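Have a look at the structure below, and keep it open as you read. The report walks through a few local features, one after another.

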Amino acid sequence: MKSNTNIQAGYTGWQIFSLTFLRILIGWHFLYEGLVKLYASPAWTSGPYLSGSVGPFAAVFKAMASNDTILLIVDQLNIWGLIIIGLCLFIGLFSKPSAIFGIILISLYYFAYPPFPGLVTNAPVEGSYWIVNKNLVEIAALIVLFLFPSGQITGVDRYIYSRKNNLNS
């Protein structure tokens with residue numbers, strides 16, 4: 001395992017800043033969305049979103065929406081997934097697993113309403129893109145964060161990895 005100093009030595013200050021800024025922005029986006037669903041909209045449910053799904057997994061999403069127990073579980077997983085992933089990315093804690101879980105979560109959103117030619121949706125979607133939408137862009141950004149160790153350089157992960165490296169020395 002590379003030490004924090006070796007990891008940092010391979011990047012310029014602007015690269016470190018850019019990766020950290022990207023991680024914090026995405027973390028804030030996830031955290032904010034989760035907190036809004038938890039506090040600002042206590043009656044929030046993913047039911048209408050899942051019921052209107054038009055993507056390749058529409059049948060699965062619609063089945064989830066039609067079962068009250070499953071819908072309650074999905075809602076809680078969505079809210080707390082957003083909050084935990086967001087908080088971890090924001091502070092740089094468990095950055096790599098958080099990026100993976102973020103990719104999975106946003107992929108579910110992407111495939112619920114994919115911007116594929118010929119799919120008609122009644123749900124309000126931003127823009128009329130062809131294949132690429134904001135969800136796919138955020139997935140790509142999370143892949144970048146997964147591949148580059150910004151949390152190990154400027155996040156809480158830095159302290160975890162430096163302690164781990166000191167114990168292994």
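A residue is called buried when its relative accessible area is under 20%, exposed when it is over 50%, and partly exposed in between, using a 1.4 Å probe and protein chains only. Please keep in mind that this is a predicted model, in which local features need pLDDT of at least 70 and side-chain atom pairs count only at pLDDT 80 or more, while totals for chains, interfaces and linings use all residues. Residues are numbered from 1 along each chain as its sequence is written, and side-chain values use heavy atoms, with hydrogens and water left out.

A salt bridge here is a side-chain nitrogen of Lys or Arg within 4 Å of a carboxyl oxygen of Asp or Glu. By that rule, the count is one salt bridge. Its partners are Lys37 and Glu33, with the closest N and O atoms 3.3 Å apart. Helices are DSSP runs of H or I with at least four residues, numbered from the N terminus. Lys37 and Glu33 lie four residues apart in helix 2 (residues 13-40), which means that about one helical turn separates them. Lys37 is buried, with a relative accessible area of 15%, whereas Glu33 is partly exposed at 27%.

**Helix 5 and its neighbours**

Two packed helices are described by the angle between their axes and the distance between the axes. How do the axes of helix 4 and helix 5 cross, and at roughly what angle? The axes of helix 4 (residues 58-66) and helix 5 (residues 68-91) come within 5 Å and cross at roughly 105°. Axes are lines fitted to C-alpha atoms, for helices over the stretch in contact, and angles run from 0 to 180 degrees between N-to-C directions. The two helices are therefore roughly perpendicular, a label given to angles of 65 to 115 degrees, with under 35 counted as roughly parallel, over 145 as roughly antiparallel and the rest as oblique.

In this contact (heavy atoms within 4.5 Å), Met64, Ala65 and Ser66 of helix 4 meet Asp68, Ile70, Leu71 and Val74 of helix 5. By class, the residues are five nonpolar, one polar and one charged. Ala, Val, Leu, Ile, Met, Phe, Trp, Tyr, Cys and Pro count as nonpolar, Asp, Glu, Lys and Arg as charged, and the others, Gly among them, as polar.

The buried residues of helix 5 include Leu71, Val74, Asp75, Asn78 and Cys88. The buried residues of this helix pack against helix 2, helix 3 (47-51), helix 4, helix 6 (95-112) and helix 7 (134-147).

Ser98, in helix 6, is buried with a relative accessible area of 6%. Leaving aside residues up to four places away in sequence, Ser98 touches Ile85, Cys88, Leu89 and Leu93.

Most residues other than glycine have a negative phi.

Phe94 sits in the loop between helix 5 and helix 6, and Ile131 in the loop between helix 6 and helix 7. The C-alpha atom of Phe94 is 9.1 Å from that of Gln152, a residue 58 places away along the chain. Gln152 belongs to helix 8 (residues 150-154) and is buried, with a relative accessible area of 9%.
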